[in-house]
Amino acid sequence: MKDNLKITQSTKVTLVPLEANDREQFILDNQWAFKHGAMIEFGERDDHIGDDGEIISRKTIERCIDASDSETYRIVADGRRVGGVILKINKETNHNGLEILFVSPEEHSKGIGCSAWQAVEALHPETKIWETFTPYFEKRNIHFYVNKCGFKIDRFLCEYFQPSDQAFDDEDRDPDDGPDEMFRFIKEMKI
């Protein structure tokens, strides 16, 4: 599958474990990246932006960072922090999740996201399946996951489809976080 993917620009990035003194800026950078995408699509009037002015809440980001099975990294290019990634790693099943991946909007279209994803895959070669979600309106993300990273759209979560299996347990989801209409992506890895 990887052979069919086109990566137009190769940018060297490093995944650096998140340090405690960078946590606050990581959260703010993450919120800005998600809000930027919503503003591009809908403008300031967007009803997907919560009461606090964010598309993704601090609570959700902190929950992802603090989960016992998570790994949080800064994406670093040329010595600069240009994004971040939060992974959910299941060491028993090797069915892993990409909770959050963001690149600073000022750094878009430089190959950073693709390089970061390649670094994630290299970090966890034992992975059998990767899973992630993105809102329906994030055309840039949908393009990235499908056309650049080799994910396939597995399901569209919306009012007409509410899955009942454990993989979609929403009890920890902050109801103020963005739209309920999400694509689920999966990528089956060859081991």
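Predicted model: local features only at pLDDT ≥ 70, side-chain atom pairs only at ≥ 80, totals over all residues.
Residues are numbered from 1 along each chain as its sequence is written, and side-chain values use heavy atoms, with hydrogens and water left out.

Across the protein chain, the average pLDDT is 82, and 75% of the residues score at least 70. Residues 1–9 fall below 50, with 19 contacts in the model beyond near neighbours in sequence.

Now the overall layout. The protein chain has 4 helices and 7 strands, taken as DSSP runs numbered from the N terminus, with helices being H or I of at least four residues and strands being E of at least two. Along the sequence, the pattern reads β-α-α-β-β-β-α-β-α-β-β. Of the contacts in the protein chain with a separation of 6 or more, 70% are between residues 24 or more positions apart. Buried residues make up 50% of the 191 residues; buried here means under 20% relative accessible area, exposed over 50%, and partly exposed in between, with a 1.4 Å probe and protein chains only.

On to the strands, where two strands pair if DSSP finds at least two bridges between them. Strand β1, residues 14–17, runs antiparallel to β2 with 4 bridges, and P17 has Y73 in β2 as its bridge partner. On to β3: β2 pairs with β3 in the antiparallel sense over 8 bridges. Within that pairing, S70 stands opposite K88, and E71 has L87 as its bridge partner. The hairpin of β2 and β3 has 2 residues between the strands, and D78 there takes a positive phi near 50°.

β3 also runs antiparallel to β4, joined by 6 bridges, with G83 partnered by V103 in β4. This hairpin has 6 residues between its strands, and N94 in the turn has a positive phi of about 60°.

Which faces of β2 are covered? Both are: S70, T72, R74 and V76 on one side are buried, and so are E71, Y73, I75 and A77 on the other.

Let's look inside. A nonpolar core is a set of buried Ala, Val, Leu, Ile, Met, Phe, Trp, Tyr and Cys residues joined through side-chain atoms within 4.5 Å. The largest one has 26 residues, and V85, L87, W117 and W130 touch the most other members. The elements giving two or more residues to this core are β2 (70–77), β3 (80–88), β4 (95–103), α3, α4 (139–148) and β7 (182–188). Helix α3 supplies the largest share, 5 residues. A second, separate core has 14 residues, including L18, F34, I55 and I61.

So, helix α3 itself. It covers residues 112–123, and its 12 residues should span 16 Å at 1.5 Å a residue, which agrees with the 16 Å between its end C-alpha atoms; the expected span is 1.5 Å times one less than the number of residues. Its buried residues are I112, G113, C114, S115, A116, W117, V120 and E121. W117 touches L98, L101, W130, F144, C149, F151 and K187, leaving aside residues up to four places away in sequence.

One last topic, the cysteines. How many disulfides are there? The count comes to 0, with a disulfide being a pair of cysteine sulfur atoms within 2.5 Å.

Technical notes. pLDDT = per-residue confidence, 0-100. Contact = heavy atoms within 4.5 Å.
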